[in-house]
Amino acid sequence: MEPSSPRKPHLSSLPLDSENKATEFHPFSTSPPHMLAFHLAWLSLFSCFFSTFSIPPLLPIMRQNLNLSAADVGAAGTAAFVGSIFSRLAMGPVCDLVGPRIASAALSLITAPIVLATAFISSPTSFILVRFLIGFSLANFVANQFWMSSLFSTSVVGLANGFAAGWANMGAGVAQLTMPLLYSFVKSFNVPENTAWRVIFVVPATFQAITAIMVLIYGQELPCEESIKVSNKPKESFLRLLVNGLMNYRGWILGLIYGCCFGVEMTMDNIVAQYFYYRFGVNLQVAGTIAACFGLTNWFARPMGGVVSDQMAKLFGVRGRLWGLWAVLTVAGLLCVLMGRANSLGGSIGVMCMFSVFVQAASGLTFGIVPFVSKRSLGVISGMTGSGGTVGAVVTQMLLFSGDKFSTQTSISVMGLMMIICTLPISLIYFPQWGGMFCTPNETSIDEEDYSLLV
């Protein structure tokens, strides 16, 4: 990857490998460039999740003011995910060409005014359109994971990816918690209900713009000039990088798997507040707090998935990463089935919290595998996998949570069954150097640089 600008690089205080990637990961350090980039990456993506999921906890109020039907709400939820499918797929090659710093900041700055436009919607059509456009900001997830894979060695890349995405995904939970509180705070000044929910969207819009500017000013893609000069990565066109990535079947399988963990997580973020509000009769603030519990477990759950992936790799190699992903995602599916069948408020909350831990850990395990698929088209593979997450969210939203065909609790259980079934293709992933779940490595030695060009 060529540098996006002639910025003067920082020398790292962390131990580096031959590619100048950090071999240690210290999440509470801010030393440049590795750890500073980590904090900028997760905070920027955090703001995008906060913006995208700032609407769902306010839906009971917005439905009344905008006269939204159940079909309108379902269509808007689907639109939010559709908006990020193609943007995530495109973000991968863009990162390969201009770097994750420029790609991430540009997208955040473009979509921040759209977040603010939520304050001016007046019809179901404009509501759906705004949710669709805000969804584009979630493509920053691809830049986030690409950035971490570029800066951290394979020994800690699962951990780095897990922390960067996990802490960022908390944005959805924080939005579920804070937006109802902000609404109540503004309304306490005798502001009309129809105005109060509109005013507070200045918060996520401003937050997103500020983090984008911080990424531009303080971020750095590569650790030092030397790593840029000696890089022998071929300079290729957007089309060639895209085609190479699309031909790699492992990327398609990981996209499917990610749709069954992160896609399910996004679907839950979209419906969980309404689920508890309508099924158990709790008020708006309580429903938002319960929903926040689901998202806030990302603080440790997704990083835990990265830790499990790296530890399994130390014990069993890449085959261990595959087995770990299958086991964790299967347990998540079983818990999802159980949540839909829980009939008490306390039992449903307890199962939901356990389910959130496992489904988010599965996302971390998925991106513990992504960096090993293709060095040549890492951005494309990251984009394919990330797009798979949003495709999964769209499919589950449309099939199970749009309209009144199924009750929400039945849909949640069916979603769990879908997750369990979709874990099976993990067994088809095979790496000649490292093997697969049931297959040993190819005995023929393959040069690492040559392997990175294979499809």
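At what angle do helix H3 (residues 70–98) and H17 pack, and how far apart are their axes? They pack at an angle of about 175°, with the axes 7 Å apart, where axes are lines fitted to C-alpha atoms, for helices over the stretch in contact, and angles run from 0 to 180 degrees between N-to-C directions. The structure is a predicted model, in which local features need pLDDT of at least 70 and side-chain atom pairs count only at pLDDT 80 or more, while totals for chains, interfaces and linings use all residues. Residues are numbered from 1 along each chain as its sequence is written, and side-chain values use heavy atoms, with hydrogens and water left out. Helices (H or I, at least four residues) and strands (E, at least two) are DSSP runs, numbered from the N terminus.

**Helix pairs**

- Two packed helices are described by the angle between their axes and the distance between the axes.
- H3 and H17 are therefore roughly antiparallel to each other; angles under 35 degrees count as roughly parallel, over 145 as roughly antiparallel, 65 to 115 as roughly perpendicular and the rest as oblique.
- The residues in the contact of H3 with H17 comprise 12 nonpolar, 11 polar and 2 charged, on a scheme in which Ala, Val, Leu, Ile, Met, Phe, Trp, Tyr, Cys and Pro count as nonpolar, Asp, Glu, Lys and Arg as charged, and the others, Gly among them, as polar.
- Helix H14 (residues 301–316) packs against helix H15 (residues 318–341) at an angle of about 135°, and their axes are 6 Å apart, which makes H14 oblique to H15.
- On the H14 side this contact (heavy atoms within 4.5 Å) is made by Ser 309, Asp 310, Met 312, Ala 313 and Phe 316, and on the H15 side by Val 318, Arg 319, Gly 320, Arg 321 and Gly 324.
- By class, the residues of the contact of H14 with H15 are 4 nonpolar, 3 polar and 3 charged.

- The 19 residues of H1 should span 27 Å at 1.5 Å a residue, and the end C-alpha atoms of H1 are 27 Å apart, which agrees; the expected span of a helix is 1.5 Å times one less than its number of residues.
- H1 is mostly covered, with 17 of its 19 residues buried, where buried means under 20% relative accessible area, exposed over 50%, and partly exposed in between (1.4 Å probe, protein chains only).
- Helix H18 (residues 408–422) has 15 residues and reaches 21 Å from its first C-alpha to its last, close to the 21 Å expected at 1.5 Å a residue.
- The buried residues in H18 include Ser 411, Ile 412, Ser 413, Met 415, Gly 416 and Met 419, and what covers the buried residues of H18 includes helix H12 (249–279), H15, helix H16 (345–366) and helix H17 (378–400).

**Buried residues and their contacts**

- Asp 310, found in helix H14, counts as buried at 5% relative accessibility.
- Beyond its neighbours within four places in sequence, Asp 310 is in contact with Thr 154, Ser 155, Val 156, Val 157, Gly 158, Leu 159 and Arg 321.
- Leu 322 has its place in helix H15 and is buried, at 0% relative accessibility.
- Not counting residues up to four places away in sequence, Leu 322 touches Ile 369, Ile 426, Ile 429, Gly 435, Gly 436 and Met 437; from C-alpha to C-alpha, Leu 322 and Gly 364 are 12 Å apart in space, and they are 42 residues apart in sequence.
- Phe 201 lies in the loop between H8 and helix H9 (202–218) and is buried, with a relative accessible area of 0%.
- Leaving aside neighbours within four places in sequence, Phe 201 is in contact with Ser 54, Ile 55, Leu 58, Val 115, Leu 116, Thr 118 and Met 179.
- Phe 201 and Ser 155 are 46 residues apart in sequence, and their C-alpha atoms are 41 Å apart in space.

**Backbone features**

- Most residues other than glycine have a negative phi, and most peptide bonds are trans.
- The peptide bond from Pro 32 to Pro 33 is cis, with omega near -5°, and Pro 33 lies in the segment before helix H1 (34–52).
- Asn 20, also in the segment before H1, has a positive phi near 60° and counts as buried at 16% relative accessibility.
- Asn 190 has a positive phi near 65° and sits in the loop between helix H7 (157–187) and helix H8 (193–199), where Asn 190 is exposed, with a relative accessible area of 72%.
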